[in-house]
Amino acid sequence: MGGGFGPLLSFLATTRGGLDGHLVGALRKARSSVQSSLVTRVIGIALAAVVIIYLSPKVYALGPSYFLRIVAVGVALGAIYALIAIGYTMVYGIVELINFAHGDVFTLGAFISLPLLVTPFWHLTEETGGGWGIVLPLIAVFLIVMLITGLINVGIERVAYRPLRNAPRLAPLITAVGVSFFLEGVMYLWKGAVNLHYPDLLPSNRFVGGTFSAKDVIVIVAAVILVAGLAFFVNQTKLGKAMRATAQDRDAARLMGINIDRTISATFFIGAVLAAAGGITYGLYINSVNNGLGFPIGLVAFTAAVFGGIGNIPGAALGGLIIGLIRATNDGYVDPQWTDVVTFAILILVLTLRPTGLLGMRVPEK
Amino acid sequence: MALLELEGVEASYGRIRALRGISLVAEKGEIVALIGSNGAGKTTTLRTISGLMHPAAGSIVFNGKHITNEAPDRIVQLGICQSPEGRRLFTRMTVVDNLRMGAYTRSNAGEIKKDMDRVFELFPRLKERRNQIAGTLSGGEQQMCAMGRALMAKPKLLMLDEPSLGLSPILVETIFDIVREINAQGTPVLLVEQNAHKALEIANRGYVLETGAIVQTGTGKELLESAEVQKAYLGM
Ligand SMILES: Nc1ncnc2c1ncn2[C@@H]1O[C@H](COP(=O)(O)OP(=O)(O)OP(=O)(O)O)[C@@H](O)[C@H]1O
Ligand SMILES: [Mg+2]
């Protein structure tokens with residue numbers, strides 16, 4: 001977990017625990033004036049120009065296939081960030097909570113999947129190897145883990161957040177931090193604080209002159225399927241629509257006969273389902289997990305959610321992709337040690353210059 | 001048996017007592033007006049009936065069933081729906097999706113479709129704007145959408161909280177005509193209004209609320225002619 005919580009918490013406390021606190025409210029107002037939106041745009045364009053001028057010679061020097069490799073890794077990691085970011089954004093959208101435990105739910109998904117890889121029905125190990133035979137068992141593992149993790153997250157909401165639903169915003173934020181410590185502690189007791197090897201099950205064939213690997217493609221396809229499923233659920237099903245209604249106006253939703261306890265539970269369930277899938281995908285892609293993984297990755301995914309516009313689901317998916325690409329670019333062309341600095345500089349820039357994010361709400365609230 | 005009966009209902013926001021023992025009755029087929037000045041407790045009364053807040057004392061009976069401590073979604077299922085103060089549309093959904101949310105507790109697709117057509121008949125403007133995002137509707141259109149949305153629940157009692165607020169005089173006229181029309185088609189209405197004159201004109205009966213208590217009641221006509229009401233609410 002590192003020492004990152006202290007300053008972060010005090011920062012959030014000063015913004016009254018949510019991105020829509022006084023500070024951001026004032027910023028939002030400031031932004032609405034033509035002048036400041038012009039300033040935002042000028043700063044954005046200037047930054048982009050500097051970055052392009054800085055990177056172009058390096059990209060040119062290292063050649064096109066290296067570039068494509070970076071893009072492939074960026075999109076694959078971005079897809080995983082997107083899966084996590086969607087959970088942040090959905091939970092924020094419906095209960096205005098920045099769920100700091102969400103990154104740990106992601107890790108939990110990976111942890112729960114580990115013992116399920118070898119069962120009486122299937123043996124998913126590196127020795128037994130890949131091939132088409134692993135497809136169905138792997139899908140089964142995904143579904144079981146998604147279900148279990150989803151239910152655990154529903155339980156977490158019930159115990160740690162629901163009793164505080166009408167409390168000041170800072171209260172559930174603090175319990176979320178508590179849940180984060182708790183989950184990391186449980187995983188520590190379970191497997192220790194070591195890097196665990198996650199079996200390398202996916203084929204590693206490479207295409208296009210070695211730039212794309214089958215792994216990249218599988219991770220991206222899995223994320224696309226999950227996000228498409230989510231989009232269908234949220235836009236087409238009754239429960240999905242009820243969730244959107246609850247996020248937009250809780251009391252109005254109740255007046256329509258919507259049981260908001262149920263829609264909020266469903267939101268936590270789905271957020272965890274996607275995070276758990278992200279956790280397994282991460283394990284299969286990176287082949288290493290540890291109990292503290294969720295905190296840094298969660299913060300990156302949170303940045304992605306803010307970047308896309310917190311509360312906005314397509315925004316979180318897009319934000320995840322862009323953050324993944326930016327991080328891969330920085331890793332590959334600048335210096336991996338600077339990647340977190342760049343990521344969180346983006347978080348700060350977005351919060352100060354454009355708190356509504358890329359796809360923030362365009363329609364007036366009331 | 002009365003359709004809705006409130007008996008000594010008290011409710012508060014923290015330490016602020018908003019309702020101090022309200023008793024009122026709405027019968028099947030009626031339009032009942034609830035009038036009173038700002039802060040009298042009209043909205044609180046509707047919120048309490050809908051179950052958004054629970055009374056500290058007293059009882060609420062609907063169709064012979066105690067709903068005093070029921071959850072809001074149960075109360076909608078039992079047949080009470082309201083168009084709340086400030087419209088409270090789902091501003092990022094289309095008009096049609098807002099109307100569909102109104103029918104959330106219902107499942108018969110054929111009947112829902114029929115009621116949607118009926119809403120479009122009552123509010124032709126909504127039909128033109130059916131695919132527009134609700135947040136971009138004009139104030140009057142939003143009011144129509146909110147009323148239509150409440151009707152989509154096919155309520156046994158429709159509650160309207162200040163439907164004429166902020167509308168042009170012509171539109172106010174239209175809205176009151178529509179309330180009368182809705183009632184004529186068989187839906188009882190509990191109507192909260194600042195526009196006491198118009199409300200009492202179309203109401204069978206009315207209640208006057210002052211600082212959380214009912215101070216006067218009678219038929220619409222009686223209240224219109226009452227000296228106190230004329231002085232306090234009709235500006236005569
Ligand atoms: N959320 C709240 N918290 C605290 N007090 C409230 C709240 N809502 C209403 N009140 C208080 O309760 C009292 C009744 O308010 P209510 O909204 O029911 O009045 P109303 O008759 O609907 O007024 P209006 O005509 O202005 O809508 C008022 O004194 C108001 O200040
Ligand atoms: Mg009111």
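**Close-up views of a predicted two-chain model**

**View 1. Strand β7(B) pairs in the parallel sense with strand β8 (residues 189-193) of chain B over four bridges.** The model is predicted: local features need pLDDT of at least 70, side-chain atom pairs count only at pLDDT 80 or more, and totals for chains, interfaces and linings use all residues. Residues are numbered from 1 along each chain as its sequence is written, while chains are lettered from A and ligands numbered from 1 in the order in which they are written. Helices (H or I, at least four residues) and strands (E, at least two) are DSSP runs, numbered from the N terminus; two strands pair if DSSP finds at least two bridges between them. In β8(B), B:Val189 is the bridge partner of B:Leu158. Strand β6 (residues 80-83) of chain B is also joined to β7(B), by four bridges, and the two run parallel. Here B:Gln82 has B:Met159 of β7(B) as its bridge partner.

**View 2. Strand β7 (residues 157-161) of chain B is largely enclosed by the rest of the structure, because five of its five residues are buried.** A residue is buried if 20 or more other C-beta atoms lie within 10 Å of its own, exposed if 12 or fewer, and partly exposed in between, with C-beta atoms placed from the backbone. One side of β7(B) carries B:Leu157, B:Met159 and B:Asp161, the other B:Leu158 and B:Leu160, and all are buried. β7(B), helix α7 (residues 169-184) of chain B and β8(B) form a right-handed β-α-β unit. Right-handed means that, with the strands pointing away from the viewer, the path from the first strand over the helix to the second runs clockwise.

**View 3. An open sheet of four strands in chain B has the order β2-β1-β4-β5, with antiparallel pairing.** β2 and β5 (65-66) of chain B are at the edges with a single partner strand each, so one side of each lacks a neighbour in the sheet. Strand β4 (residues 57-62) of chain B and β5(B) run antiparallel and are joined by two bridges. B:Lys65 in β5(B) stands opposite B:Phe62.

**View 4. Ligand 1 is surrounded by 13 residues.** A residue counts here if its C-beta atom, placed from the backbone, lies within 6 Å of the molecule. The closest are B:Tyr13, B:Asn38, B:Lys42, B:Thr43 and B:Thr44. β2 (16-26) and α1 (42-50) of chain B each supply at least two residues of this shell, and α1(B) gives the most, with three. By class, the shell has four nonpolar, seven polar and two charged residues. Ala, Val, Leu, Ile, Met, Phe, Trp, Tyr, Cys and Pro count as nonpolar, Asp, Glu, Lys and Arg as charged, and the others, Gly among them, as polar.

**View 5. The contact between the chains takes 18 residues from chain A and 20 residues from chain B.** On the side of chain A that touches chain B, α9 (238-248) and α10 (250-255) of chain A each supply at least two residues. That side has nine nonpolar, three polar and six charged residues. Two residues are in contact if their C-beta atoms, placed from the backbone, lie within 7 Å.

**View 6. Helix α13 (residues 313-334) of chain A is mostly covered, with 16 of its 22 residues buried.** Chain A has 14 helices and four strands, and 45% of its 366 residues count as buried.
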